[in-house]
Amino acid sequence: MTEHINLFLEIVLGVLALAAVGGFVRLLRGPSLPDRVVAFDLLATVGVGISAVYAMAYNQPVFLDVAVVLALISFVGTVAFARYIEERLKG
Amino acid sequence: MNLVKQLLTLILAGGGSLFVLLAAIGLLRMPDLFTRMHPSSKAATLGTVLILIGIAIHFENGAIAVRAVLICLFLFLTAPVAAHIIARAGFLSGVPLAEETVIDELSDRYDLETHCLSCPPAEAEEE
């Protein structure tokens with residue numbers, strides 16, 4: 001039973017990694033800077049999910065602290081980018 | 001009881017990861033910035049919160065459950081704010097709308113200098 005659970009959680013990790021690849025494609029292609037910031041925001045959210053599932057799959061609850069910090073940092077980064085885009089307009 | 005707990009955890013983790021994958025697909029396939037923001041701020045948040053609820057059930061530990069709930073609360077607080085702030089910056093910097101857009105009620109009504117919305121069009125006021 002435990003092996004089945006671990007296999008399933010590794011598949012879940014693979015699905016999340018696929019989502020991260022999609023985010024990276026938008027990060028590279030995104031025609032404008034706000035598009036890239038949105039992709040960056042999604043990547044941070046996927047990172048929270050990946051570290052949470054990793055903590056569950058390998059029974060290491062320490063990784064939840066990583067998720068907390070990642071969630072905190074990504075918001076500050078997004079706000080900073082938005083400020084930068086708006087201030088750039090005024091010249 | 002143990003089996004129910006494990007099944008619940010797996011359903012929550014699997015469903016959450018599917019929602020996050022859906023968000024990434026939406027981010028890739030939507031036509032412009034403002035529609036791309038929908039999946040990345042709503043579906044991704046829902047998926048991560050489902051995974052975190054699964055974690056809280058899986059470990060059966062008070063400290064870990066509190067941490068998971070803390071991340072959930074923080075995501076629910078910050079995701080809408082971040083999406084709104086980026087949409088505003090993108091609109092002001094003139095990111096083009098998709099060709100399918102039907103109406104843009106904000107066009108030419110936002111003053112960059114004073115950061116105020118101008119009055120509605122004159123004919124609307126007279127009525």
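In which helix of chain B does Arg67(B) lie? Arg67(B) lies in helix α3 of chain B, where helices are DSSP runs of H or I with at least four residues, strands are DSSP runs of E with at least two, and both are numbered from the N terminus. The model is predicted, so that local features need pLDDT of at least 70 and side-chain atom pairs count only at pLDDT 80 or more, whereas totals for chains, interfaces and linings use all residues. Residues are numbered from 1 along each chain as its sequence is written, and chains are lettered from A and ligands numbered from 1 in the order in which they are written.

Arg67(B) has 22 C-beta neighbours inside 10 Å and therefore counts as buried. A residue is buried if 20 or more other C-beta atoms lie within 10 Å of its own, exposed if 12 or fewer, and partly exposed in between, with C-beta atoms placed from the backbone. Apart from neighbours within four places in sequence, Arg67(B) is in contact with Leu64(A) and Val68(A); two residues are in contact if their C-beta atoms, placed from the backbone, lie within 7 Å. The C-alpha atoms of Arg67(B) and Ile55(B) are 9.9 Å apart, at a separation of 12 residues in sequence.

The contact between the chains takes 40 residues from chain A and 44 residues from chain B. On the side of chain A that touches chain B, α1 (2-29), α2 (33-57) and α3 (63-90) of chain A each supply at least two residues. The most, 15 residues, come from α2(A). By class, this side of chain A consists of 30 nonpolar, 6 polar and 4 charged residues. Here Ala, Val, Leu, Ile, Met, Phe, Trp, Tyr, Cys and Pro count as nonpolar, Asp, Glu, Lys and Arg as charged, and the others, Gly among them, as polar.

The largest nonpolar core has 52 residues. Such a core is a set of buried Ala, Val, Leu, Ile, Met, Phe, Trp, Tyr and Cys residues joined through C-beta atoms within 7 Å. The members that touch the most other members are Leu42(A), Ala52(A), Val53(A), Val20(B), Ala23(B) and Ile55(B). Two or more residues of this core are given by each of α1, α2 and α3 of chain A and α1, α2 and α3 (62-92) of chain B. The most come from α2(A), with 14 residues. Beyond four places in sequence, Ala52(A) is in contact with Leu64(A) and Ala67(A), and with Ile51(B), Leu52(B) and Ile55(B).

Within chain A, α2(A) and α3(A) pack at an angle of about 175°, with their axes 8 Å apart. Axes are lines fitted to C-alpha atoms, for helices over the stretch in contact, and angles run from 0 to 180 degrees between N-to-C directions. The two helices, α2(A) and α3(A), are therefore roughly antiparallel, given that angles under 35 degrees count as roughly parallel, over 145 as roughly antiparallel, 65 to 115 as roughly perpendicular and the rest as oblique. Residues making this contact include Val48(A), Ala52(A) and Ala55(A) of α2(A) and Leu64(A), Ala67(A) and Phe81(A) of α3(A). The contact of α2(A) with α3(A) has 16 nonpolar, 4 polar and 1 charged residues.

Chain B has 4 helices and 2 strands, in the order α-α-α-β-β-α along the sequence. Of the 127 residues in chain B, 33% are buried. Contacts in chain B between residues at least 6 apart in sequence join residues at least 24 apart in 59% of cases. Helices α1 (residues 2-29) and α2 (residues 33-59) of chain B pack at about 165°, with axes 8 Å apart, and α1(B) and α2(B) are therefore roughly antiparallel to each other. The crossing in which α1(B) passes α2(B) is left-handed, a term used if the near helix is turned anticlockwise from the far one by less than a right angle, with right-handed used if clockwise. The residues of the contact of α1(B) with α2(B) divide into 16 nonpolar, 11 polar and 2 charged.

Asn59(A) is placed in the loop between α2 and α3 of chain A, and Glu60(B) in the loop between α2 and α3 of chain B. Asn59(A) counts as exposed, with 9 C-beta neighbours inside 10 Å. Glu60(B) is exposed, with 9 other C-beta atoms within 10 Å.
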